[in-house]
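Biologist: Before we go through this entry, I would like to know how to read it. Please give the rule for each feature and then the case.

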Amino acid sequence: VDREGATAAATNDDIVGRFRSGQQLNDRPLALSEWRITSGDPSALEDVRKLMGGEEPSKWDTKTDESFELFTTSSSVNITLDGPTSLRSSMVLWGRSAKIRQCDGAEQEDGSPCACPSDIQELKEQGKQGIACQPSIQVYFRLTDAPALGKFKFFSGSWTMAKEMSSAEEALEAIGGPAFATLRLELVEYTTKAGKNVKFTKPVITILGPAEDSEPF
């Protein structure tokens with residue numbers, strides 16, 4: 001089930017493909033350091049490959065209509081956002097096939113107080129158990145260097161990205177229209193107090209400025 005499908009319906013005009021920060025390998029999730037893109041149009045992926053590198057697009061096992069995938073050699077891409085509605089973040093609790101509730105971290109859609117715990121660690125633990133809301137981030141954009149290809153989408157449930165979304169949303173609201181941005185996968189490495197080495201990649205979006213009719217840089 002595409003959990004973002006209902007929300008995406010109003011934004012999904014001419015969506016040509018989806019950027020992904022991971023894949024399933026031997027039935028286990030695997031984070032990637034370079035972007036993976038899926039689409040039902042292999043010719044569009046071939047055009048993206050010319051910009052972002054990688055081997056030729058290939059078929060992959062999926063229940064969606066995005067039956068081709070491209071593993072790029074790029075961890076960052078220049079994108080153009082139409083405006084504030086191109087970037088959305090919320091907290092959502094999903095059932096097996098539908099959304100149970102959605103909130104902004106304090107208040108649910110119906111105006112009632114959020115039923116989730118306020119403590120972030122408790123919230124994360126209950127999220128893993130499927131009884132509390134988790135981050136739901138959606139980005140809709142065009143490739144700055146190939147806008148005619150159409151729109152792409154990126155969905156994420158990253159807690160680290162969720163922490164930084166407010167600044168990006170505020171910057172986009174301040175611009176109030178089309179904006180240039182970068183979408184990248186950033187490597188994070190640190191050692192815990194217990195001496196455990198932790199390494200992962202996190203998606204990061206950075207708003208660069210208004211797009212208008214000028215060049216992005």
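Modeller: Start with burial: a residue is buried under 20% relative accessible area, exposed over 50% and partly exposed in between, with a 1.4 Å probe and protein chains only. Glu 69, at 11% relative accessibility, therefore counts as buried. This is a predicted model, in which local features need pLDDT of at least 70 and side-chain atom pairs pLDDT 80 or more, while totals for chains, interfaces and linings use all residues. Residues are numbered from 1 along each chain as its sequence is written, and side-chain values use heavy atoms, with hydrogens and water left out.

Biologist: Where is Glu 69 placed, and which residues does Glu 69 touch?

Modeller: Helices (H or I, at least four residues) and strands (E, at least two) are DSSP runs, numbered from the N terminus. Glu 69 belongs to strand 4. Contact means heavy atoms within 4.5 Å. Not counting residues up to four places away in sequence, Glu 69 touches Arg 36, Ile 37, Thr 38, Leu 45, Pro 57, Ser 58, Lys 59 and Trp 60. From Glu 69 to Glu 56, 13 residues apart in sequence, the C-alpha to C-alpha distance is 8.9 Å.

Biologist: What joins the side chains of Glu 69 and Arg 36?

Modeller: A polar contact is a pair of N or O atoms within 3.5 Å; within protein, one must be able to donate a hydrogen and the other to accept it, and residues adjacent in sequence count only if both atoms are side-chain atoms. The side chains of Glu 69 and Arg 36 are joined by one of 2.9 Å.

Biologist: The charged end of Arg 36 sits over which ring?

Modeller: A charge sits over a ring if NZ of Lys or CZ of Arg is within 6 Å of the ring centre and within 35 degrees of the ring normal. For Arg 36 the ring is that of Trp 60, with the charged end 4.4 Å from its centre. Lys 59 lies over the face of Phe 68, 5.0 Å from the ring centre.

Biologist: Thr 72 is found in the loop between which strands?

Modeller: Thr 72 is in the loop between strand 4 (68–71) and strand 5 (76–81). Its relative accessible area is 6%, so Thr 72 is buried. The Thr 72 side chain reaches two backbone atoms: the oxygen of Trp 35 at 2.7 Å and the nitrogen of Ser 74 at 3.2 Å. Leaving out residues up to four places away in sequence, Thr 72 touches Glu 34, Trp 35, Ile 37, Met 52, Gly 53 and Gly 54.

Biologist: Which residues of helix 2 are buried?

Modeller: In helix 2 (residues 42–52), they are Ala 44, Leu 45, Val 48 and Met 52. Down the axis of helix 2, the buried residues fall within an arc of 95°, so they line one face; the arc is that of the directions from the helix axis to the C-beta atoms. As a general rule, an α-helix has 3.6 residues a turn, so residues three or four places apart point the same way. The buried residues of helix 2 pack against strand 1, strand 2, strand 4, strand 5, strand 8 and strand 9 (151–156). After helix 2 comes Gly 53, with a positive phi near 75°.

Biologist: How many aromatic pairs does the structure hold?

Modeller: Rings of Phe, Tyr and Trp (its six-membered ring) pair if their centres lie within 6.5 Å; planes under 30 degrees apart count as stacked, over 60 as edge-to-face and the rest as tilted. The structure holds 6 such pairs. For Phe 19 and Trp 35 the ring centres are 5.5 Å apart and the planes at 70°, so the pair is edge-to-face. Phe 19 is in strand 1 (residues 15–25) and Trp 35 in strand 2 (residues 28–39), 16 residues apart. Trp 35 is buried, with a relative accessible area of 0%. Phe 19 and Phe 141 have ring centres 5.2 Å apart and planes at 70°, so this pair is edge-to-face. Phe 141 is in strand 8 (residues 134–143), 122 residues from Phe 19. Phe 19, Trp 35, Phe 141, Phe 152 and Phe 154 form one aromatic cluster.

Biologist: How many residues are in the largest nonpolar core?

Modeller: A nonpolar core is a set of buried Ala, Val, Leu, Ile, Met, Phe, Trp, Tyr and Cys residues joined through side-chain atoms within 4.5 Å. The largest has 32 residues, and Phe 19, Leu 81, Phe 141, Leu 143, Phe 152, Leu 183 and Ile 205 have the most contacts inside it. Apart from it lies another core of 9 residues, including Met 91, Cys 103, Ala 132 and Cys 133.
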